[in-house]
Every structure is written in C-alpha cells, then in structure tokens.
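Open the model in your viewer and keep the sequence panel beside it. Each stop below says what to select and what is there.

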Amino acid sequence: MSSDAVRILDGNMFLVSAANGDIEPSRSFPTGLFTLDIRHLSTWKLTIDGEPLTVLSVDQPHYFEATFFLVPGEPTLYVESEVTIVRQRDITRSMCEWLTVLNHGVDPVDLTIRVEAGCDFADLFEVKNVEPKVGDFSTEIGADRLTFHYRRDMYARSTVISATGPVEVDEDGFTFRVHVEPDGRWTTHLHVETVGWDGRDIRTTLQGQARRERPRLVHELQMWLDEMPRLECDHDEFEVTYQRSLVDLAALRFRPLSGQAALTDYDPEYRVPAAGLPWFMSVFGRDSILTSLQTLAYAPHLAASTLRVLARAQAVALDNFRDAEPGKILHEIRYGTTAAFAEQPHTPYFGSADSTPLFVILLDEYEAWTGDSDLVRLLEPQTRAALAWIDEYGDLLGNGYLSYQTRNERTGLVNQCWKDSPNAICYRDGRLPGLPRATCELQGYAYDAKLRAARLAREVWHDPAYADELERSAEELKRRFNRDFWIADEGYYALALGPDGDQVDALSSNIGHLLWSGIVDEDKADAVVGHLMGPRLHSGWGIRTLAEHSARYNPIGYHTGTVWPFDNSFIAWGLRRYGYRAEAARIARGIFEAASHFDGRLPEAFAGYDRKTSAAPVEYPTACSPQAWSTGAPLLLLRIVLGLNSSGDELAVDPEVPRELGRVRLSHIPGRWGRGDVDFRP
C-alpha cells in the first residue's frame, strides 16, 4: 500500500484514497470505499476548472475522518493560490464529504467544480486476484443524486450519491458552477450511501438503525479510551505507540452481519477485532483470538465477544467445500459476491487447524483474568466439541498429532497454520513437504488447550474424570513431541512433520510459539532460546519467520524471512514463561523501537534485513496497516515486560522493563480483582 495513502475506517467500512483525497479506478489495489467486502466507490475525483488538486496537508483527528487542505493545479515550487479547497470526509453515516472553497483574493471568482464518481462493485477478492466482475450494472440520474446499481441473480448492491445546492448531475458525476466573493466561501455536502439487497443502507442496518453522527462516534471513542489502562512512561515514543494501538484497536472492531447464517441472532452490540486493512477487514478466527489474547489485560470484553461469535459459528457437520468438520472453529467469513456465489468458500470457511485449540486457550485465559466462569459454563458444549475435533478430525494420520490437509482442492488453503502462504512450510533445502502436514506450533497449541481445558473441567464444569483424561493426553503428547520433532544434531524443533513422519527441518520462528505453549522440555529450552536470539533468526529489530541461509530465506518473503510483530509478542511471552526475562525484554525493546519508525503504528510485517544493514525497519510492500495483531503486539509486550498476570484475586507483577523505557506507570488495569496499578522505576 502506498505510504502516502489516506485510510479511514470504522469496522465494517473503510476508505483508501490518495493524499489529496481522490480515488482512482484500480483493479489490482484496494483503493476506494468498501463495505462488507464490496467496493462502493472506485472513482471519486475532484477538479477545479478541469485541473487536479495539490494537497497542502491532511488532518486525521480520528480514525473515521480526514480533512484535506488543497489548492488547484499541479505542484509547483511556490504556492500562491488565491483559492483554497477544504475537503472534509467521514464515514460515520456511510460516507459524508463537505467541500468548501475559500476565496482569499480581492476579486470574485467563478469556478467549475467537478466531482467525478464511479462504482465497479468489485469484491475484495476480485481486486486481489485481478478478476473480472460478473453481473449487471445500471445507473439512475436524479435532480440532485446519482445511483449506481449492481445485480447478479438475487444478489444486489447500490451506491446512492446525493449533493446539496445547485448541481448538474450526469452519469459520471456532479458539476457545480460556483461564484465566490472576495473573502467569501462556498460549501456543498455530498452523501454516499452503501445499500444492500434489501434496499437499506448497510451502515445503518449494522448499527441497529441508529444513526451514528460524528459527535456520537467521537464520544464512543473517548469512552473506549477512558476505559483503557492509563500509561505514563519516560519514553515518549512508546506512549505514542500505546495510544496509537488503543485507537487502532477501536477502529478495527467489526460487527458480524446480523442474519448471516452462521451468526443468526447475534447481538450487534458485540464487536470483534477484524484482522486488518485493507485485505482482511472481516472476522478471522485465528487473528481475532490472538488479538483478544494480546489485549486481555486492557479490553477483556473483546475476548468475550470473540468467544461468543466463534462459538456460535462453530461447525456442526462435514462440508468439504468449506473445510468444515464438527467442532471446528472458523478461519474466515466474507460477505461479497465471490462468497455469495460459492466462487470461494468463506461463508464461513474453516481452513485453519489452529483456530480450534486457540479458542480453548482464549477461554481459559479469559476466565483466569476476569473470573467470568458463567461464560465458561455457557460455552462448555462448544469447548468439548473443539477438544473432540483435535483428537478426531484433527488427527488426520492417526499418529496423535494435529495436522492439516484441505478437503477443498480447488479453492481451499494448502497451508492451514498461521504461515498460510504456499511456500511457508519447507525443508531447509527449500523442498516443500507432502500433505498432511503437522506443524510444530499446532502440537504446542493442542497441548496447551488440553491442559487449560482440564483446569476448566475440574474447577468450573466439575468433571474431574474428564480433567484427568485431558491431562494424561496432554502429557503423552508432550512426551512424543519432544521425541519426534527434536532435531538433536541441530538443537531445535522441526518446523513440521511430513506425511511419512519425516522432520521438515527448516529453522523458523515457530519454535518460539512452543515456549509459549509450554510443550518444550526444560532441558531443551536453552538451545531453543539460543537459536531464537541468534543472528540467523534475530535481525536486531525482531525475530524473522525463517532463518537466514535457509534455501527459501527472503527478507521480504511474506512468511519466509520477514519480521511479524505479533509473532514476536507471543515468542516473548514464551521466553517469559520459561524464565528468559532479559531475552523477552530485548524483543520488546526491538519491536518498540521499530514502532517509532512507523509513527507508532506497527504494520503487519516488515523486512528481515539485519539492523546493521537497514537503519530503519523496511515495511513489507503490501502489509496491512492497521492490522489487529500488530496493533495488539505492543500491548502484550508491555504486559510481558511488566510481568502482569492474574493470581486469584490479585494482580501479579514481576517486571523486567528495558532500561530505555525508564519509569513506567500503568494504572486502571481491569481484571477479576477490580482495577489495579503498576508503578515501575528502574
């Protein structure tokens, strides 16, 4: 995504434009106004007397709005325009844009203002894959409005654009003929509605018929921030990162569509973290769960919403097209035309092997932090079904290991772990293993899920026999895992086992997730940590997804050498679990420092170049930003360095704060004890 692109978003809707506010047609990049996976504006271009506009500055006081200060004409060395154009935009009620022309000259001006508009109704997958749009298009022209329609069988979307003041409307946009006196101004308001199949504005429908005017949304954001723990720190840039993370987390809260088959009767007040802008603005099982884990000490209600939504959408039957199996937790849900016409299976799609054990892990961590045993009792059937899936459908080879292979060979995912790009799981010499594949971190998640569920079974469900069974199964898994995955000559765990049980021997960041899960034998931890913190994996900014000198290593390979902030946050959590406090703090320091180079907003991934090579981290070319689990990474890392844990009705603190951060005070931390404070001075 272009670094000067302007992004505004609010959950189910987002808009990406150029720096001057214009939207140019694109079939390969998601510029435009999107609602629930469909682009409702692909063209939105402002000209004055036929000239494009040059941006002076852009102000974004909140994530859902932007103001562009513009002058007519192409950029020149000197700006002496007597006319200024102010373009104010927000997406509180679908999209609203106010155009204001200011005349600073001594003479009146007569201007022709043109807003060119167009809509291709492209599905986000069609943009991503550069695919043609199938369906019927039509246009209606009214006295003050322009309506674009799209229909394919029973699927329909419309974009309705209206304007105030004297205006000429044609099939390509709006023309205003304007006279402005000296020291005068002219203003018009344009409103863009994104309309669904039922003829109602989707934005309004999602908001329960409430019209969320800007003051209300500003108030909601302030209430969100007021509920968050307060951070005071000697390191000003870290405070910026902390605040940026909280605001981006608010922006990414997504309302699953009421009436979606998998989420019928879902309360629209519940919102869960969407994965990221622009490609993943929807509910993702893995991403929403891991983000909820990262933010549990700050916004525990996000975890509760995520658990409820995913439990309601849990698979109850076999469905090869959707990779669904009884007890499985969804991977992703989509709402566009490609999903509606089964061109891809995301309605919802269940092609992830890790969402299901992670669901159980989140439930236990949520209860431990909040004491909300009522939710644990409510979700007992779904949790038992998830655990049964791990041992039944998840064990594809009958060898006791959780593995994956898609049932949908046409459009299903080949890799169904978090590193889900086709070349991510490989041998050190670059070969790709056969299927099914049992990646190492999946075994760690399964082990952790069983132990955590055993606690819930014993303490909440009052089923000690089930708890004993889960504990025996977990310990047996740990014993076999440390035998079969350990590469003794190298001192690290294999990335995966292939279908014949052979070790897929690439050195990867996945071994850090094993520390987080607790499946690593104590006598192997030193060797694992040595690899994680060594030069092949640690770039100086963070831990790479794949080690240098591996055949497929690429510092800008999506899962084959980049640094992912979320990945590093869970690795740091694992280091802390095994007592490697200084190493966890070193990772935290690197990620905090990287964030300062991105104005506090960590992207989805950045390049794995050694820190001696790049004085600043290099953003991955098409990284999502904001992205949920990158937004959550600084929050989890802060919890890790402060040593925050729930200990019964008390807040447990065991700090190992990097000295560069200086004094850190975190107050108003929510949990089962009420609200707690931490004040650390080095």
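The tour goes from loops and strands to helices, then to prolines and cysteines.

This is a predicted model, in which local features need pLDDT of at least 70 and side-chain atom pairs count only at pLDDT 80 or more, while totals for chains, interfaces and linings use all residues. Residues are numbered from 1 along each chain as its sequence is written, and side-chain values use heavy atoms, with hydrogens and water left out.

**Ile23**

Select Ile23, in the loop between strand S2 (13–17) and strand S3 (32–35). Helices (H or I, at least four residues) and strands (E, at least two) are DSSP runs, numbered from the N terminus. Ile23 is buried, at 0% relative accessibility. Buried means under 20% relative accessible area, exposed over 50%, and partly exposed in between, with a 1.4 Å probe and protein chains only. Show what surrounds Ile23: leaving aside residues up to four places away in sequence, its contacts include Leu15, Val16, Leu33, Leu41 and Trp44. A contact here is heavy atoms within 4.5 Å.

Move to Thr47, in strand S5 (residues 43–48). Thr47 has a relative accessible area of 15% and is buried. Beyond residues up to four places away in sequence, Thr47 touches Pro52, Thr112, Ile113 and Arg114.

Next select Asp49, in the loop between S5 and strand S6 (53–59). Asp49 is not a glycine, yet has a positive phi of about 50 degrees. With a relative accessible area of 45%, Asp49 is partly exposed.

For another positive phi, go to Asp599, where the value is near 55 degrees. Asp599 sits in the loop between H16 and H17 and is exposed, at 66% relative accessibility.

**Helices**

Colour helix H5 (residues 285–294): how many of its residues are buried? The count is 10 of 10. Among them are Arg286, Asp287 and Gln294.

Then take helix H11 (residues 440–459). Its 20 residues should span 28 Å at 1.5 Å a residue, and the end C-alpha atoms are 29 Å apart, which agrees. The expected span is 1.5 Å times one less than the number of residues. In H11, 16 of the 20 residues are buried.

Show Leu387, Ile390 and Asp391 in H10, which meet Ala446, Ala449, Lys450 and Ala453 in H11.

**Cis peptide bonds**

Zoom in on Leu277 and Pro278, joined by a cis peptide bond with omega near 10 degrees. Pro278 lies in the loop between strand S19 (272–276) and strand S20 (280–283). Another cis bond runs from Ser625 to Pro626, with omega near 0 degrees. Pro626 is in the loop between helix H16 (581–596) and helix H17 (628–642).

**Cysteines**

Finally, select the cysteines. How many disulfides are there, counting pairs of cysteine sulfur atoms within 2.5 Å? The count is 0. Cys96 is buried, at 1% relative accessibility. For Cys426, the closest cysteine sulfur is in Cys417, 11 Å away and too far for a bond. Cys426 is also buried, at 0% relative accessibility.

Terms used. A disulfide is a pair of cysteine sulfur atoms within 2.5 Å.
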